[in-house]
Amino acid sequence: MLPLGNIIRKYGISFHCYADDTQLYISTRPGETSKLSKLTECVKNVKDWMTNNFLLLNSDKTEILLIGPENITQNLVDYNLQLDGCTVTSSTVKNLGVILDSNLSFENHISHVTKTAFFHLRNIAKLRNMLPVPDAEKLVHAFMTSRLDYCNALLGACPASSINK
C-alpha cells in the first residue's frame, strides 16, 4: 500500500485502507470544487498505477458520496466522476455494513436492517413449533439481536419515527 499511499498523499487527500478496500475522503467548504477535481485526478492516477502494476481498479465498485446539507449537495449534483465510462457518484454507499446517504439520515440503513430482521423473524416463526424455547431464543439472538445492535450508536441522533421501525 506504500506506493498507493504516496500517490494519494501527493494530492493532499486523506485515506483509510481495509484489506482490499481503500477509502479516500476530503473536506471542503461550499462551492469549493477544486478539491473535487483533485479527487478525480487522484482516482485516475491510482487507476493508472494499478494498471501499470497488473492490478485492477473495479470501476463498477468505485463510488463517490457527497455528504452535507441538502441545499449544498444539490448544487454539486452535476459533479460526476467518470471512470471507464461508469459514473461513480452515488446517492448511497455501503461502508463496513452501514448504508450511508448524502445527508446522513440513515433511512436506507434502517429500512435495510428492518427488512432483513423481519425476513429472519418470519423464517424463525416457521420453525418455532418444532423448536424448544431455548433453541428459538438462540436463533433470535443470532439472527436478530446481532443485526439490531451492529453500529446502532450511529442512530443516536435519528428521529424517533425512524428508530421506532
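**View 1. Q23 in strand β2 of the predicted model****.** Strand β2 spans residues 21-25 and contains Q23. With a relative accessible area of 19%, Q23 is classed as buried, because that class covers values under 20%. The side chain of Q23 is joined to that of N95 by a polar contact of 2.6 Å. When residues up to four places away in sequence are left aside, Q23 touches S14, F15, H16, Y18 and N95.

View 2. On the surface, Y18 forms a nonpolar patch with L96 and Y150. Together, the three residues of this patch have about 300 Å² of accessible area.

**View 3. L96 in the loop between β7 and β8****.** The loop that holds L96 runs between β7 (92-95) and β8 (98-101). L96 is not a glycine, yet it has a positive phi of about 50°. The relative accessible area of L96 is 52%; L96 is therefore exposed, as the class requires a value over 50%. L96 is also a member of the nonpolar patch that includes Y18 and Y150.

**View 4. L104 in the loop between β8 and α4****.** L104 is placed in the loop that connects β8 with α4 (107-127). A positive phi, of about 55°, is found at L104 although this residue is not a glycine. L104 has a relative accessible area of 39% and is accordingly partly exposed.

**View 5. The largest nonpolar core****.** This core comprises 14 residues, and I13, C42 and V46 have the most contacts inside it. Two or more residues are given to the core by each of the elements α1 (2-10) and α2 (34-52). The greatest contribution is that of α2, with 6 residues. V46 touches L4, I7 and I8, with residues up to four places away in sequence not counted.

**View 6. A separate core of 8 residues****.** Another nonpolar core lies apart from the largest one. Among its 8 residues are L100, F106, I110 and C158.

How values were computed: Residues numbered from 1 in each chain as written. Predicted model: local features only at pLDDT ≥ 70, side-chain atom pairs only at ≥ 80, totals over all residues. Heavy atoms only, no water. Patch = residues over 30% accessible without salt bridge, like charges linked within 9 Å, V, L, I, M, F, W, Y side chains within 5 Å. Areas by Shrake-Rupley, 256 points an atom, 1.4 Å probe, with all protein chains shown as cover. Salt bridge = Lys/Arg side-chain N within 4 Å of Asp/Glu carboxyl O. Core = buried A, V, L, I, M, F, W, Y, C linked by side-chain atoms within 4.5 Å. Buried < 20%, exposed > 50% of the residue type's maximum accessible area, 1.4 Å probe, protein only. Helix = DSSP H or I, 4+ residues; strand = E, 2+ residues; numbered from the N terminus. Contact = heavy atoms within 4.5 Å. Polar contact = N/O pair within 3.5 Å; in protein donor to acceptor, adjacent residues only side chain to side chain.
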